[in-house]
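Hello,

Here is the structure I said I would pass on. My notes on it follow below the display.

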Amino acid sequence: IGDFKASKNLFEQSLNEFQCLGDAWGESFVLSGLRIAEASLGDMERFSDYERSALARARLSGDRIRIAEALSSIAFFLRFHAEWDQVEIYLQEINQLYVEMGSSEGVDGTRFSRAMLLVARGKLEEAKAETKSFIDYRRRTGDRNMQSVGLLLLGQIAEIENDLEGAVEYL
């Protein structure tokens with residue numbers, strides 16, 4: 001995006017064009033970019049408005065990937081406000097969308113987000129189980145980078161539990 005002020009103007013122009021065409025998918029896509037520009041410029045109220053509009057337009061388009069991406073973005077933002085119940089609702093819907101699409105990658109990514117939510121809620125045993133499933137999937141797919149992310153989370157959980165030996169094992 002680079003120059004957020006210039007990008008914002010271009011995104012707004014594109015949004016207007018997609019609105020004139022009645023293209024809900026295009027609107028959702030551009031609104032996602034606009035929200036990033038607004039957040040970078042410090043206008044969190046408009047960021048939130050664009051985020052919710054992006055979801056509404058994605059739902060109207062019927063594109064399950066756009067819907068899942070918009071929900072993921074909102075869930076990510078809500079974590080900063082400790083709105084755990086709403087995050088869980090969004091994660092369940094995201095997971096269902098990925099299951100419907102047959103996206104094991106999407107399901108596994110949602111599993112990791114849920115593990116982080118469980119850590120935040122203090123449900124460490126459940127978080128460990130989700131994280132281990134996440135790591136197992138990444139081993140099967142050969143994604144060593146994401147395996148290391150999962151191991152880092154297990155190390156952090158062990159540290160929270162004051163299990164320093166366990167933390168060292170994962171880290």
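In this predicted model, the mean positions of the 20 positive and 29 negative charges of the chain lie 2 Å apart.

The chain as a whole: its secondary structure amounts to 9 helices and 0 strands. Along the principal axes, the C-alpha atoms fill a box of roughly 60 × 35 × 30 Å. Of the 171 residues in the chain, 40% are buried. The chain exposes about 9,500 Å², and carbon and sulfur atoms supply 52% of that area. Among contacts with a separation of 6 or more, 45% are between residues 24 or more positions apart.

H3 covers residues 44–61, which is 18 residues. From first C-alpha to last, H3 reaches 25 Å, close to the 26 Å expected at 1.5 Å a residue.

Which residues of H3 are buried? They are Phe47, Ser48, Tyr50, Glu51, Ala54, Leu55 and Ala58. These residues sit on the same side of H3, because they cover an arc of only 165 degrees around the axis. As background, an α-helix has 3.6 residues a turn, so residues three or four places apart point the same way. On the other side of H3, Glu45 and Leu60 are exposed.

The cover over the buried residues of H3 includes helix H1 (4–21), helix H2 (24–41) and helix H4 (64–79). After H3 comes Gly62, which has a positive phi, near 80 degrees.

Regards

How values were computed
Residues are numbered from 1 along each chain as its sequence is written. This is a predicted model: local features need pLDDT of at least 70, side-chain atom pairs count only at pLDDT 80 or more; totals for chains, interfaces and linings use all residues. Side-chain values use heavy atoms; hydrogens and water are left out. Helices (H or I, at least four residues) and strands (E, at least two) are DSSP runs, numbered from the N terminus. The expected span of a helix is 1.5 Å times one less than its number of residues. Buried means under 20% relative accessible area, exposed over 50%, partly exposed in between (1.4 Å probe, protein chains only). The arc is that of the directions from the helix axis to the C-beta atoms. Contact means heavy atoms within 4.5 Å. Accessible areas come from the Shrake-Rupley method with a 1.4 Å probe; for residues, only the protein chains shown count as cover. Lys and Arg count as positive and Asp and Glu as negative; His and the chain ends are not counted. The place of a charge is taken as NZ of Lys, CZ of Arg, CG of Asp or CD of Glu.
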